[in-house]
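Morning, everyone. I have one model to walk through today. Let me put it on the screen.

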Amino acid sequence: MTVLSRFPITLERSFRFFKWSDMPDAMLPVNPDGSNWYPDNIRDQLRLSSKSHWDVSVAINDQTVHFLVSHPTPPVFDGPEDRNGTRNHDEIRFWSDYINPDKSAYIYDDRGTRGGLPKAAKFVIAGDLNADPVDGDSS
């Protein structure tokens with residue numbers, strides 16, 4: 001994934017190492033009997049971001065706009081455990097939590113900085129989210 005801009009651009013934060021299991025109420029897949037679909041040793045290491053989650057700031061004249069960019073996994077090509085569908089859901093939910101100061105305290109970036117976007121920050125959510133609420137398979 002690439003972000004291009006004619007304005008100055010800075011990678012503020014990346015979330016490559018954020019673990020899916022660290023998201024409160026994560027929709028981690030389960031077996032029909034209720035047991036974890038992923039073995040515990042894998043589940044505890046699996047990162048949320050299937051490809052990327054970046055907070056990129058763009059300086060436009062005298063203002064900064066945060067571009068929250070990601071490319072979640074397609075919510076298809078899996079079995080009844082819905083591992084891709086649930087991951088797509090939580091990858092998209094990540095941004096919803098990131099922009100909400102009441103829900104972002106659990107988030108940490110690759111440098112260990114905690115929390116989400118400052119309350120007054122301007123932002124755009126961008127990317128290929130692989131989610132179509134009408135014709136798609138996302139949750």
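**Starting in a loop**

Let's begin at Val-76, which is partly exposed, with a relative accessible area of 21%. The cut-offs: buried is under 20% relative accessible area, exposed is over 50%, and partly exposed is in between, with a 1.4 Å probe and protein chains only. Val-76 sits in the loop between strand 3 and helix 2 (83–98).

Before going on, the ground rules. This is a predicted model, where local features need pLDDT of at least 70, side-chain atom pairs count only at pLDDT 80 or more, and totals for chains, interfaces and linings use all residues. Residues are numbered from 1 along each chain as its sequence is written, and side-chain values use heavy atoms, leaving out hydrogens and water.

Now, what lies across from Val-76? Take Asn-130, 54 residues apart from Val-76 along the chain: the two C-alpha atoms are separated by 9.6 Å. Asn-130 belongs to the segment after strand 4. Asn-130 is partly exposed too, at a relative accessible area of 23%. Its backbone deserves a look: Asn-130 has a positive phi of about 55 degrees, and it is not a glycine. Most residues other than glycine have a negative phi.

Where else does a positive phi turn up? Asp-25, also not a glycine, has phi near 55 degrees. Asp-25 is in the loop between strand 1 (9–14) and helix 1 (40–43). Asp-25 is exposed, with a relative accessible area of 72%.

**The strands**

Step back to the whole chain. There are 2 helices and 4 strands. Both are DSSP runs numbered from the N terminus: helices are H or I with at least four residues, strands are E with at least two. From the N terminus the order is β-α-β-β-α-β.

How do strand 2 and strand 3 pair? Strand 2 (residues 53–60) and strand 3 (residues 63–70) run antiparallel, over 8 bridges. Pairing here requires DSSP to find at least two bridges between the strands. His-53 stands opposite Ser-70 in strand 3. The two strands form a hairpin with 2 residues between them. In that turn, Asn-61 has a positive phi of about 55 degrees.

Strand 3 also pairs with strand 4 (residues 122–127), this time in the parallel sense, over 6 bridges. Phe-67 has Val-124 in strand 4 as its bridge partner.

Stay in strand 4 for Ala-126. Ala-126 is partly exposed, with a relative accessible area of 26%. Which residues does Ala-126 touch, not counting those up to four places away in sequence? Leu-68, Val-69 and Ser-70. Contact means heavy atoms within 4.5 Å.

**The whole chain**

Some totals to finish. Buried residues make up 34% of the 139 residues. Of the contacts with a separation of 6 or more, 65% are between residues 24 or more positions apart. The C-alpha atoms fill a box of roughly 55 × 35 × 25 Å, taken along the principal axes.

Last, charge. The chain has 15 positive and 21 negative side chains, and the centres of the two sets lie 7 Å apart. Lys and Arg count as positive, Asp and Glu as negative; His and the chain ends are not counted. Each charge is placed at NZ of Lys, CZ of Arg, CG of Asp or CD of Glu.
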